[in-house]
Amino acid sequence: NELKKWVSVLPKVELHLHIEGSLEPELMMTLAKKHQIKLPYANIEEVKSAYNFDNLQSFLDLYYLGASVLKDEDDFYQLMWNYLLKCKEDNVVHVEIMFDPQTHTERGIGFDVFMPGFKRAIQQAQQQWGQSCLLIMSFLRHLTEQSAIETLQASTAYLKDIIAVGLDSGELGNPPEKFTQVFKMAKELGLKRVAHAGEEGPADYIWGAINALDVHRIDHGVRSIDDPQLIAHLIDSQHPLTVCPLSNTKLKVFDHMQEHNILTLLDLGLMVTVNADDPSYFGGYLNDNYHALIDHLPIEKHHLEQLVKNSFNASFMTTEHKQKWL
Ligand code: HPA
Ligand code: ZN
């Protein structure tokens with residue numbers, strides 16, 4: 001397929017990627033052995049066959065379990081390095097990577113362990129092939145706002161390495177308004193803001209992310225389609241949506257890729273982008289997500305060009321840096 005080949009080699013940007021969700025079964029098993037951690041999997045095949053999800057929570061359970069093998073600086077380096085090699089392979093020239101500090105601090109692993117590991121890999125990729133990379137610190141919304149505030153405070157020494165804060169984990173029952181104070185504090189510290197909203201949760205949570213958290217982008221946002229007023233607002237405001245096609249079908253947000261609304265949203269004039277979310281759990285990296293759209297939706301070259309252009313424009317790159325690519 002010509003379109004697939006063409007999009008594969010095109011310079012692209014990724015804006016919605018959880019580094020803990022790029023942990024491949026191979027590295028998971030290697031690290032479990034290294035640290036003598038018992039996992040409920042006998043081999044790599046068993047890990048892969050466990051990745052059959054009914055909803056967001058059934059995925060999150062295995063995602064947090066998988067992350068438990070990450071313990072020392074070198075583990076975090078290896079995790080980041082493996083993902084950055086994928087960026088090179090998929091020609092993802094700029095990436096904004098989310099990490100979940102609380103997934104690690106709750107296990108007694110602090111910023112001084114994971115941040116040096118992440119930074120070493122990023123510096124190496126930058127030196128070796130000019131990889132551009134920014135970090136987004138994401139709060140777990142199933143925990144309290146106080147825990148998010150403590151996380152923000154614990155990140156002080158690394159604020160210069162962090163471009164934005166985000167909000168992820170179980171959406172239902174954890175509306176954006178729960179995190180109003182910590183997002184306000186982050187804004188005062190000069191951090192940009194993104195939040196998962198309207199993945200499993202209602203369109204109201206997208207309004208909440210915009211109004212209470214003052215976000216620059218919405219992660220997912222596909223449930224915006226349920227609220228005509230919100231759609232009109234998103235067309236007008238051009239708040240980017242970081243849509244993740246393979247994630248949405250794996251987690252049953254849409255039963256089949258043919259039912260995905262990304263093309264509808266794009267044709268309506270929303271600022272839509274394509275992303276991988278948690279590639280090792282959802283069956284593919286960025287190119288695989290573009291390929292899935294090409295395979296299942298009546299998508300044309302001009303749509304793909306718009307999606308790629310949108311990701312450059314929706315990124316937190318400096319204007320000069322953007323101009324190099326657009
Ligand atoms: N949604 C919510 N939380 C997450 C996700 C997601 O897609 N990936 C990792 N944590
Ligand atoms: Zn996500």
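Visitor: Where in the chain is aspartate 278 placed?
Guide: In this predicted model, aspartate 278 sits in the loop that runs between strand S8 (272-274) and helix H14 (279-282). The UniProt record, an unreviewed entry, lists Asp278 under "binding site".

Visitor: Why is aspartate 278 called buried?
Guide: The term requires 20 or more other C-beta atoms within 10 Å of the residue's own; aspartate 278 has 26 within that distance, and is therefore counted as buried.

Visitor: Which residues does aspartate 278 touch, leaving aside those up to four places away in sequence?
Guide: Aspartate 278 is in contact with His18, Gly21, Tyr63 and Ser247, where contact requires C-beta atoms within 7 Å.

Visitor: What makes strand S1 (12-18) and S8 edge strands?
Guide: The open sheet consists of eight strands in the order S1-S2-S3-S4-S5-S6-S7-S8, with parallel pairing. Strand S1 and S8 each pair on one side only, and these are the edge strands. From one strand to the next, the twist averages 25°.

Visitor: How do you know that strand S3 (residues 132-140) and strand S4 (residues 164-168) are joined?
Guide: Pairing requires at least two bridges between the strands; five bridges join strand S3 to strand S4, and the two run parallel. Along this pair, serine 138 stands opposite glycine 166 in S4.

Visitor: What lies across strand S5 (192-197) and strand S6 (217-220)?
Guide: Helix H10 (residues 203-211) lies across both of these strands, and runs at about 170° to S5.

Methods:
Residues are numbered from 1 along each chain as its sequence is written. Chains are lettered from A and ligands numbered from 1 in the order in which they are written. This is a predicted model: local features need pLDDT of at least 70, side-chain atom pairs count only at pLDDT 80 or more; totals for chains, interfaces and linings use all residues. UniProt positions are given in the numbering used here, feature names are shortened, and annotations may be inferred rather than shown by experiment. Helices (H or I, at least four residues) and strands (E, at least two) are DSSP runs, numbered from the N terminus. A residue is buried if 20 or more other C-beta atoms lie within 10 Å of its own, exposed if 12 or fewer, and partly exposed in between; C-beta atoms are placed from the backbone. Two residues are in contact if their C-beta atoms, placed from the backbone, lie within 7 Å. Axes are lines fitted to C-alpha atoms, for helices over the stretch in contact, and angles run from 0 to 180 degrees between N-to-C directions.
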